[in-house]
Each structure stands twice: as C-alpha cells, then as structure tokens.
Amino acid sequence: MKQALQVSSWKRSYCADMGCDVYSSNKVLQQELNRIAWAAAIGGLTVSGATTVASGGAVLAFSLTRTADQLNEVLRSEPPSRLRIINEEKMKAMGVPDALAQKFLDHPAYTPRHQTLIVAALEGLNGVKGRDKYIELCLRAGDEVGANFYQNVAEILRGYHQKSARLTEIVPLLGVAGATASNGRTLVAVAWNLGVFDQGVDQRMEYGSQEFAARGLSNKFDIWTTGGATPRLKEEAQARGFNIVEYVGKSVAITR
C-alpha cells in the first residue's frame, strides 16, 4: 500500500519535471509512467536514474515542456483533490460564478493539469473583464484534444497580456476567444498546427470583423497561433486587417 501511494507521487514528480500530463489518457505514456514509478517506489531511484530505463518514445513525450516552474511545483506536490480546491479558490477570486466553476471542474474532457494551467493563465490576466466567459467557452471541449486547445489559447491570452499589450476584455465569438487590447487592436488566440485559407476561414474573418465593428470594438486583429500559416492565408488575412503571428508558444510568458 505504501509503495502504491508512492507511485502516484513519483508520477507527478516525473511529469512536473518533463512537462507532460500525469492524468493524460495516452495509454503508452501511462504505461511508461507506471513502469518507471514502480521501479522508483521499490528501488528508491532518483528521477534521472529512473528515466534512463524509459523508451525513446516516452522520453520524447516527456520533453514537451509547457509550464512555468512555479506551476510545475504545484502539479508535482499537490494531488488532484487539492488542485481542485486551489482552482476553486482562484476562480472565486476572479468572480467566476460557483455553478460555472463546478461545471468546468467536473468536465470530463479536462484533466486536473488542464484545469490548473487554464486557471493560472486566467489569474495572470489582472483586471481583464470576461474571464468567466472564457471558462464558459471551455465547456465546449468535447475531448482531450479540445481541452489541449483551450489550454493553449489561455496561455496565449496571458502571453499577449504580459508581453505585447494589456488586454481589457475577453469577447468569445463562434467558439474562438477574442480579446480587446489597450493598443487599440483585438487579439484572436488560436491553437493550430497549420492554418490554411478556405471558404470557412474567409467567412469567419468576415463575420468577426463585422460583428466586432457592430459592437463598437476594434476590427484591427492580431491572430496569435501556436502553429504556422500558409502564405495564402497570411496574404488573405493581411488584406482583411488580420495580422498573423506564428509559433507564439515559444515566446509567451507561461512557457519555457
């Protein structure tokens, strides 16, 4: 029993160091984590000593770091029940209604790590209106892929707020997080591998521009994305007043 309890602690520790999600549904990752954690619990191995027995694929998964050091420490030391309490308290301080917070924390698509990183990113948006609207937007996630999307978008919002211009209000539109900024522009945060121009994208840009103008908001847009964009998309977007900034995941404040 004691060793079984230690396994969970070892797994959290490894994932905090390597930047992966200890609660992930990835079966291969979980198999490697269990194998390493059991070896460590029984033999008292260090993190570096235990990870030398991991397969190449697992080491690659471990290397994808997405969190800041202080968040890593929380994810390392706190069990899921405690993370829930921490996230509840933070959302309450941000003015998120209790019922909405509970829906978010009970949502099956999100792991405790997803929720902790999203809430931490929103906490960093000091003075920004509409953070409760972003939590509501997160409820649209249908699976872990969707949860990853909204986690990345929350990190982009915080990065823009801290590194480019202070955001003033989050304004979700068509399932996408838009946010007005103090520089007179509107941020559109998206997480994709490669953006391409098609009829659907064209219609979304046109609708977004008209809708924001109708609300009296800026329709000069900065699109920040974790991936890239084809030359055609960048050309068409620029012609409509949308400036695309690619691969921002390496520069936003919450990543390392």
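Modeller: Start with the ground rules. This is a predicted model, where local features need pLDDT of at least 70, side-chain atom pairs count only at pLDDT 80 or more, and totals for chains, interfaces and linings use all residues. Residues are numbered from 1 along each chain as its sequence is written, and side-chain values use heavy atoms, with hydrogens and water left out.

Colleague: What is the strand order in the open sheet?

Modeller: Helices (H or I, at least four residues) and strands (E, at least two) are DSSP runs, numbered from the N terminus. Two strands pair if DSSP finds at least two bridges between them. Here five strands form an open sheet in the order β1-β2-β3-β5-β7, with mixed pairing. β1 (167-173) and β7 are the edge strands, each pairing on one side only. β3 and β5 run parallel, joined by five bridges. Thr186 has Phe221 in β5 as its bridge partner.

Colleague: Is Ser209 buried or exposed?

Modeller: Buried means under 20% relative accessible area, exposed over 50%, partly exposed in between (1.4 Å probe, protein chains only). Ser209 has a relative accessible area of 15%, so it is buried. Ser209 sits in helix α11 (residues 199-214). Contact means heavy atoms within 4.5 Å. Leaving aside neighbours within four places in sequence, Ser209 is in contact with Asn219, Phe221 and Phe242.

Colleague: Which element gives the most to the lining of the second largest pocket?

Modeller: Definitions first. On a 1 Å grid over the protein atoms alone, a cavity is a set of points where a 1.4 Å probe fits but cannot get out; a pocket is an open set with protein on both sides within 12 Å along at least five of seven lines; lining residues have an atom within 4 Å of a point. Grid points are joined across faces, edges and corners, and a volume is the space filled by probe spheres set on the points. In this pocket, α11 gives the most, with five residues. The second largest pocket has a volume of about 470 Å³. Its lining has 24 residues, with Val176, Val188, Val190, Arg204 and Met205 nearest the centre.

Colleague: How many cavities of 30 Å³ or more does the structure hold?

Modeller: One. The largest cavity holds about 70 Å³ of space. Among its lining residues are Arg12, Cys15, Asp21 and Arg113. α1 supplies the largest share of that lining, three residues.
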